[in-house]
Amino acid sequence: MAQTKKWDARYAGAIPHDASYAKCLLGGVLACGLTHAAITPLDVTKCNMQVDPKKYKGLVSGLRTIIAEEGAGAIWKGFTPTLIGYSLQGAFKYGLYEIFKDQYSTLAGEENAKKYKGLIWCLGSASAEFFADIALCPLEMVKVKVQTSPAGTFPTAFGPAVAKMSAESAETRFPFGSLVPLWSRQIPYTVAKFYFFEKCVQLFYTHVFTQPKETYSKGTQLGVTFASGYSAGVICAIVSHPADSLVSQLGKASNKGKSLGTIVGEVGMFNLATKGLGTRVLMIGTLTGLQWWIYDTFKSVMGLGTTGGK
């Protein structure tokens, strides 16, 4: 009697996934590394608004203050650790998501993989982000310290900044002192980012573009990708902002040696949830839309097709 071949999610779609994971890792590098580095000025301002909201009251005024006090180049502080850190994070975030999503779908079986698709998106993205943040954490700590230290008090060049963070590790907690708050920021962010992206794409192809996805042009598919990514990004920013503010507070000189609970008590949850939120919504909405667009463009060029569907 012939044995029925076990269903495998890697081969369930029009394009097999078994040889595509390395390409997805590279697509993640491009999607996250380039976009985060490009918006360094927004990030510098946002971090300073979180650390010193009385001085840096808004995006435009904050940028002006930084330029007036430190020069035009100051808005690009932390560019190198941002580029390296988020390239590494992007590789794991996107590449491992594709792997975990397929693995969890295969474990669930064909029927349950369809029935619990949303749960699999959440589990896959959370698992991927767990490892992505371990790669990101040392670079993120350097970035925040460089961006939020008063002018002249901390090196801005990448090499000297890493050396000083390492030499003062008892105070800075380098390299993994921010890992727990980073997980608390990035895992909810990434789960929201991937779940709502996949859900928005699904809604588009169910209610707007109702023919099979492959019948639409690449331009239309990538338009759906960007719109879905931007929508997901706005939700992500709101969900993860308190933890993002806490990561910025950890880089503040006056908070050296303080526990997370002490910092939360002093700053207040309302301030952690709201200070710099408008800037972050603008930043993360655009960022997430562009990341998904770059990632899916790269996948399309590589012959892998765009992400998601009905």
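How many nonpolar, polar and charged residues does the lining of the second largest cavity have? By class, that lining has four nonpolar, four polar and nine charged residues, where Ala, Val, Leu, Ile, Met, Phe, Trp, Tyr, Cys and Pro count as nonpolar, Asp, Glu, Lys and Arg as charged, and the others, Gly among them, as polar.

## Basis of the values

This is a predicted model, in which local features need pLDDT of at least 70 and side-chain atom pairs count only at pLDDT 80 or more, while totals for chains, interfaces and linings use all residues. Residues are numbered from 1 along each chain as its sequence is written, and side-chain values use heavy atoms, with hydrogens and water left out.

## Cavities

Rolling a probe the size of a water molecule over the atoms shows where empty space is left. On a 1 Å grid over the protein atoms alone, a cavity is a set of points where a 1.4 Å probe fits but cannot get out, a pocket is an open set with protein on both sides within 12 Å along at least five of seven lines, and lining residues have an atom within 4 Å of a point. Grid points are joined across faces, edges and corners, and a volume is the space filled by probe spheres set on the points. By this rule there are two cavities of 30 Å³ or more.

The largest cavity has a volume of about 200 Å³, and of the 18 residues that line it, Met141, Thr172, Ser178, Leu250 and Gly251 are the closest to its centre. At least two lining residues come from each of α6, α8 (169-172) and α10 (helices are DSSP runs of H or I with at least four residues, strands are runs of E with at least two, and both are numbered from the N terminus). Helix α6 gives the most to this lining, with four residues, and the lining as a whole divides into six nonpolar, six polar and six charged residues. The second largest cavity, with a volume of about 140 Å³, is lined by 17 residues, of which His36, Tyr86, Arg185, Gln186 and Ile284 lie nearest its centre; the elements that give two or more residues to this lining are α2, α4, α6, α9 and α13 (277-301).

## The largest pocket

About 1000 Å³ of space lies in the largest pocket, and among its 33 lining residues the closest to the centre are Gly13, His17, Lys101, Gly308 and Gly309. Two or more lining residues come from each of α1 (21-38), α4 (79-108), α5 (110-115), α6 (117-148) and α10 (218-250), with α4 giving the most, four residues. By class, the pocket lining has eleven nonpolar, ten polar and twelve charged residues.

## A salt bridge between helices

With a salt bridge taken as a side-chain nitrogen of Lys or Arg within 4 Å of a carboxyl oxygen of Asp or Glu, the count comes to 16. In one of them the side chains of Asp43 and Lys143 meet at 2.7 Å, N to O, and this pair links distant parts of the chain, with Asp43 in helix α2 (residues 40-51) and Lys143 in helix α6, 100 residues apart.

## The loop between α8 and α9

Most residues other than glycine have a negative phi, and most peptide bonds are trans. Arg173, in the loop between α8 and α9, has a positive phi of about 65° although it is not a glycine. Pro175 is found in the loop between α8 and α9 as well, and a cis peptide bond with an omega of about 10° joins Phe174 and Pro175.
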